[in-house]
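Hi,

Here is the structure I promised to pass on. Have a look at it first, and my notes on what turned up follow below.

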Amino acid sequence: MTILRTTSATTIREPSLHTHEKSRLDHSTTTTNMCNRQIEENNEEEEVEECGMTDAMFQRGAYLRMLRQLELEDEAERQQQQTATFQPDKQNEDNDVKKSKDCDDTASLSHASSSSSLSIASGDDIEDQIDVVVSSEGLKYKVLEYASFLGHQRYYDDLKHANVNFINYGQILDSNGCAGGQLIIEQRKSLGKGGLCWDAAFILAEYMIAHEKQWNVQPQRADCAPVLSHDYTPPQQHQPPPPTKVVELGSGTGLGGLMIAKAVANCHVTITDLPELVDLMTSNVALNFKQQQQQISLTNEQQNIFQNDTNSKSNATAQTLRWGVKEDYTDGPYDVIFGADVVTSLYDPIALAHTLYDLSHETTKVYVSVKARLSEPHELFEGEMKRLFEKVEIIWNVEESRNRNPDTAIIVAEGLKR
């Protein structure tokens, strides 16, 4: 394996609306002047009303076009930054990794045919480190080292890492600071937002790991408990308590649930989403958990891209769970239910609240991370949760996470109302 180090210094764009806003206002002033002249010439009330409506519609249309143009410019610049020094010999058209979806994850890239590294930088040595892994077939896969992003956290937009195939989250630490195992998550941009990793999932998982004693039936010891390796057999106990049943709703890539399964002992985590996302979730489980690799066969190509630490404190599985579809609830109720960034304008917040209720028992703990950007869906969700659960708390400024995204809050609920 050959590793080449190159650095590209580019500026990360922080969009400003001033120029566009000034242009829109100038256009608005010109239109208003035209309207005034028309009023003076005709001096008729009907023309005044028609002109005012036309001007308002024009300004709204111009504003919407401006926002769309800014979105397109941001996406184009993001792609230019991430591909400045990355010119693949073979392009994977929709950014999927068909050949490597179930492969072993790693900090060591020794099994790749070749590898290189690039940095996406923006002054003051602020940079994202992206490793380029080349398969034996000549396909190139980009792997973001998440620690490099945590080192600067200059930006928090949702699509900041959309063009990366894998994100290496490194060792996931438990509540005692002990390593639970390494986690690498595959992304598939072609699946839409469900195929990408989000800040809200990382923040929620670190919060839940830090507060394990609040929800785990059998919390970890104060010292570093052993991880579940391929050869590890738990010691025999007299009537050991059953593992805590944990389920994640709207898992997407499975990031949040797999972080918890890596770091928290004595629990079983089920990551769930729509049927079209089950293959990606299953691939990420097999990629990171040795126990699942015994059940899911991997191709030689998948095995040869990465070599990694697949140890974990607990285990995880993936399956379909559609909100409001009762036949998908057969494994419930659960001891812990959580979801990251699942309260959005795309989904029914009332249906989500009722799904959480239906999957709960009397002592279930519910954790949901939300973004402040969608006030109306959040208000509907919070109101319905307060109607269904005895206690609902909202936590801002989540200090337990290394990701400092200021727009993320966590809703904690418990106690079913009958």
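A quick definition before the notes: a cavity here is a set of grid points where a 1.4 Å probe fits but cannot get out. Bear in mind that this is a predicted model.

The volume of the largest cavity comes to about 70 Å³. Its lining is made up of Tyr146, Asp158, Lys160, His161, Ile167, Tyr169, Cys197, Trp198, Asp199, Phe202 and Leu255. Two elements, β5 (166-173) and α4 (199-210), each give two or more residues to that lining. By type, the lining residues split into seven nonpolar, three charged and one polar.

You'll find Gln187 in the loop between β6 (179-186) and α4. Is Gln187 buried or exposed? With a relative accessible area of 1%, Gln187 counts as buried, because the cut-off for that is under 20%. The side chain of Gln187 has a polar atom 2.8 Å from the backbone oxygen of His161, and a polar atom of that side chain also lies 2.8 Å from the backbone nitrogen of Cys197.

One more thing, on helix α6 (residues 278-288): nine of its 11 residues are buried, so the helix is largely enclosed by the rest of the structure. The buried ones are Val278, Leu280, Met281, Ser283, Asn284, Val285, Ala286, Leu287 and Asn288.

Cheers

Key:
Residues numbered from 1 in each chain as written. Predicted model: local features only at pLDDT ≥ 70, side-chain atom pairs only at ≥ 80, totals over all residues. Heavy atoms only, no water. 1 Å grid on protein atoms, 1.4 Å probe; cavity = no way out; pocket = protein on both sides within 12 Å on 5 of 7 lines; lining within 4 Å. Points joined across faces, edges and corners; volume = space filled by probe spheres on them. Helix = DSSP H or I, 4+ residues; strand = E, 2+ residues; numbered from the N terminus. Nonpolar A, V, L, I, M, F, W, Y, C, P; charged D, E, K, R; others polar. Buried < 20%, exposed > 50% of the residue type's maximum accessible area, 1.4 Å probe, protein only. Polar contact = N/O pair within 3.5 Å; in protein donor to acceptor, adjacent residues only side chain to side chain.
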